[in-house]
Amino acid sequence: MGIQSWLSLWFGLSLPAIVLMYLFKRKYIDTPVPSHMLWNRVLRNLEANRPWQKLQNRLLLWLQLLAAALLVFALMQPFLQVSGGGSQHLVIVADTSGSMSAEAPGDAAKKIDPSSGGATRLELLKERLVEYTGREGRGRDISLVAVGARPAALLSRESSREDVVKAIEQLQPYYGQASYRESLSLASALTREDGDSEVVIFTDGQWKDDKAQIAFEVPVGIEKISGGNPVNAAVEQFGISGASGPGASSRAVAVITSNASSPEGVEVSLYGDGKLLASQEVPASEGERQTLSFDGLPYAEVYRLALTGADHYKADNEAYAFGYDRTETRVLLLTPGNFFLEKALQLGGSQVTRVNVDAESEGNPAQDQASKSLPVPEGEFDLIVLDGPMPETVQQGEWEKLISRTPLWTLGTGAKGTSRPQGQPVIERHPVTAYLSLSGVYIGSVSGERPSWGEPIVKVGGTPVIYAGTEAGHPRLSFDFRLQDSDLPLSPEFPVLVSNVLQWITSDNASGLGRYIAGTVVNIPVALDTVNAQWLPAEGYVKESGYIPPEALKSDKGISAAQTVPDVPGLYRFEQVNPAGETVSSWLAVAPDPFEGNLAEGSGPAVSQLAGSGAAAAETGEDQEGRRSTALPGLSLLPWLALLALLVIALEWGVYQRGRSI
Amino acid sequence: MSGSKHLLPPEWLTRLERLSLNTRSRVAGTLQGKRRSRRLGSSLEFADYRLYAPGDDVRRFDWGVYSRTGKAFVRQFMDEQELMVSIYVDCSASMAGIQGTEAGTGGGPSTSQSRAAADKWLLARQLAASIGYLALSSYDRLQLACYSKSMDSRLPVLRGKGAAHRLFSHLQQAPLGGDGSLAAALSVPGALPRLPGMTWIFSDCWLEGGEEELSRSLSLLAGAGQEVVLVQVLSREELEPRFAGDLRLVDVETGGGKEVAVTSRLLEAYREELDRYQGMLARVCAERGMSYVLIPEDMPLQEAVFGILAGAGLVKS
């Protein structure tokens, strides 16, 4: 039983109003009595003419009050909560976000075999779901929506009990950013044109708050999986700094958080390529961040930080970082000659290999022969800088291969433009533009060519002048003007800019591809000749869970550079195989969504139900609280109350016709 | 006209003639009546013989016994004396019943009132006429008065069945109206019977002063040597009121009103109060060795007389 509109309780004031009207009614019928003396005595004893005395025996009054009360009650829009109240289509939204993989401590876990290390919330959810669908879902069509990277409709109007149970058993936690809102939206859409349905959300209450609520046209229920009060310590940050080559030492910094109410010792172990490098016991308590640093670490390809101790959520107990394997950045500079640029690159700590390009060769067929002879330098480079217009040869053959597998910075390689941007520079947030203002920098002309791979990061007066992005997993940076046409090299910010560029280009230069949140799409440098690629779980949580990563994504040109990171946290190897059978593998660490690690007791999703079929109910903040608990399947009592009120009014009419009172 | 209709049915009179009033008190009177005195006297009823003593009435000397035995005996006869019967009929407005307000203020005869109104008044007069006729046929002295606040109309002392006509017509034409106050009426000089005897009061006993007033009146009558019979005649509405709703209860006599919302609880309380009042009346009467009977208006006359009055030992055949 629930009330939708408590505000209508104000109409209840009509009841005392009716009573008042009866009280003030002064209509007495003169009745002569011989036994007045006796009446006098009776009244003296009883004090029968107290005001409320005359309200006692008034059938009409009581009927009117009853009718008014019924009407007020109807205005409050009551409904009965019915379990499985006849709706034919049951849409179940199962919260399979990362927090569901947390172990449920306390009583809830006792039911499950203790040897398996306690039941996770997901196991409880499966148990509840199987039981719920067995109880409530009999003879109804069941749709199952799982909250994953995208809402997945695992079942659609399924009536076979076996299939339902099978689908429930196959639910897996998703550690990435779960699609909370989208799942509700899907459930809402599934039931939109179908009044005879019902939505039930199974969740541990940890649901991302949503400003704009999804409105449902059908009853919505929330079944909470009690998660107990789990303890979770998490690695919030982990990084390796002080990059140095093999033999040198580096420094690791980690930030540990915990939600334990009492300080609890957490053992932090740091491994380098599988070998224990350092270990430390840290007291962690709620709301405190412990920053740890490990100095003098030997070089390792992969550093792993692991927490051991009482913990109910294991997915975020590990973090990985990758060691830097090069000290100096090697830059290949193709330029007709630019002293400022070369010096700035050297200042940025890079080893510059300069290739002179004749600026006058452009568009001159007579010089082609000489240009063709431009040799491709030996070795690998971290960055290729193309300064000014480039001859055709640089875009062909060996050069093209080299450029395609190396980060590239072009400066004014496009056609000479005429437009002269004026105005204040607008700078987007980007590693390249850090610490820069570029105020008062003059730019002579821009070509206006817009590269397909990137976004403008600096605009002057609305004209994009610097683009940054990635192509085939390699960073690309383009200045749409020649340095010769600008006073940028004279600006004191120029060395800063070049240093930024070098840092950005080489930031990926660790031995691994980086650390990503599960399920995100990343750009992975895929070699052109790669014929096959695969994800291989290497270490950590993913090994324990026995998860089999999905196949690498393929585009029509082969292995796609945009790859979706596997769903389970841990360390992976992305292995590429070229036709010769050679394999190139790179490390990639997958971390869970930090939101899921915050295992505090949540309140679950806020859902609202549209009143009736059309009018959207405007939700106010305080209304939500009330609705949250009452948004269960409801059977409106409105028509019944209206009928009852009509009956009472008819009765009242009968009484009115017959006489004044009882 | 009320006169055309007999107050009492003719056949009822012959049945009444077989009855007589039963009185416990000594009967005294100046004239010889039909009532047997405890003293020996001059009636025809033989009582005993005794030896003649000089000075005895020679008319009672039994010559037959003297001639046979030679002893002088005188016959003794029962003395028969008359009874002084006073009848007071309440003719205040309340006797008219519920619809009697106009009659009460107008003061006209109310026999043509609606049945409910007429019955109480009618029954009271019928009972008074019956008792009066009974007394007349026993050669008792009868005096009758209708009272409200004072003695409204009184008949001179009647004797003999021949006076029955006067009795009936007087009752039939008795005016109805005014406040009823027995104590006030009796305190009027000459209102009390001069001789000891029997007094019948026919009233609904709705006295403003309640049982105190009644007790005072009964004391007056007791002081006058009266054996009092109080007959309370009540209508059905007074016994079991069936009111409902918001009412303004107006006293038919004083015109004073009281606003009241009638509830079943209130009616219950009324019934309890009525019971208590009746108990009080009975107690006041019993304390003085007097009789109290209640006769509801819807009781047939025959049942009232043979059932209640005879049952209470007030009337005997």
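1. Let us start with a word you will need: two strands pair if DSSP finds at least two bridges between them. Keep in mind as you read that this is a predicted model. With that in hand, look at strand S20 (residues 408-411) of chain A, which is joined to strand S24 of chain A by 4 bridges, the two running parallel.

2. One pair to look for is Glu471(A), whose bridge partner in S24(A) is His474(A). S23(A) and S24(A) make a hairpin, with 2 residues between them. In the turn sits Ala472(A), which has a positive phi of about 50 degrees.

3. How many residues of strand S24 (residues 474-479) of chain A are buried? The count is 6 of the 6, so the strand is largely enclosed by the rest of the structure. In S24(A), His474(A), Arg476(A) and Ser478(A) point one way. Pro475(A), Leu477(A) and Phe479(A) point the other way, and the residues of both sets are all buried.

4. Now turn to chain B. Its secondary structure comes to 10 helices and 12 strands. Of its 317 residues, 54% count as buried. Take the contacts in chain B between residues at least 6 apart in sequence: 76% of them join residues at least 24 apart.

5. Which strands make up the open sheet of chain B, and in what order? There are 6 of them, in the order S6-S5-S4-S7-S8-S11, and the pairing is mixed. Strand S6 (151-154) and strand S11 (291-296) of chain B are the edge strands, each pairing on one side only. On average, neighbouring strands of this sheet are turned by 20 degrees against each other, direction ignored.

6. Val85(B) has Leu142(B) as its bridge partner in S5(B). Helix H7 (residues 210-223) of chain B packs on the sheet, where it touches S4, strand S7 (197-203) and strand S8 (226-234) of chain B. The direction of H7(B) makes about 145 degrees with that of S8(B).

7. What about the cysteines? A disulfide is a covalent bond between the sulfur atoms of two cysteines. The cut-off used here is a pair of cysteine sulfur atoms within 2.5 Å, and by this rule there are 0 disulfides over all chains. Cys146(B) is in no disulfide: the nearest cysteine sulfur, that of Cys91(B), is 5.0 Å away. Cys146(B) counts as buried because its relative accessibility is 0%.

8. Cys205(B) is in no disulfide either; the nearest cysteine sulfur belongs to Cys285(B) and is 7.8 Å away. With a relative accessibility of 1%, Cys205(B) counts as buried too. You will find Cys205(B) in the loop between S7 and H7 of chain B. Its phi is near 60 degrees, a positive value in a residue other than glycine.

9. Tyr139(B) is partly exposed, because its relative accessible area is 41%. Gly289(B) lies in the loop between helix H9 (264-287) and S11 of chain B, and with a relative accessible area of 38% Gly289(B) is partly exposed. To see how the fold brings parts of the chain together, compare Gly289(B) with Ala222(B): 67 residues apart in sequence, and 9.3 Å apart in space from C-alpha to C-alpha.

How values were computed. Residues numbered from 1 in each chain as written. Chains lettered and ligands numbered in written order. Predicted model: local features only at pLDDT ≥ 70, side-chain atom pairs only at ≥ 80, totals over all residues. Heavy atoms only, no water. Axes fitted to C-alpha atoms, helices over the stretch in contact; angles between N-to-C directions. Contact = heavy atoms within 4.5 Å. Buried < 20%, exposed > 50% of the residue type's maximum accessible area, 1.4 Å probe, protein only.
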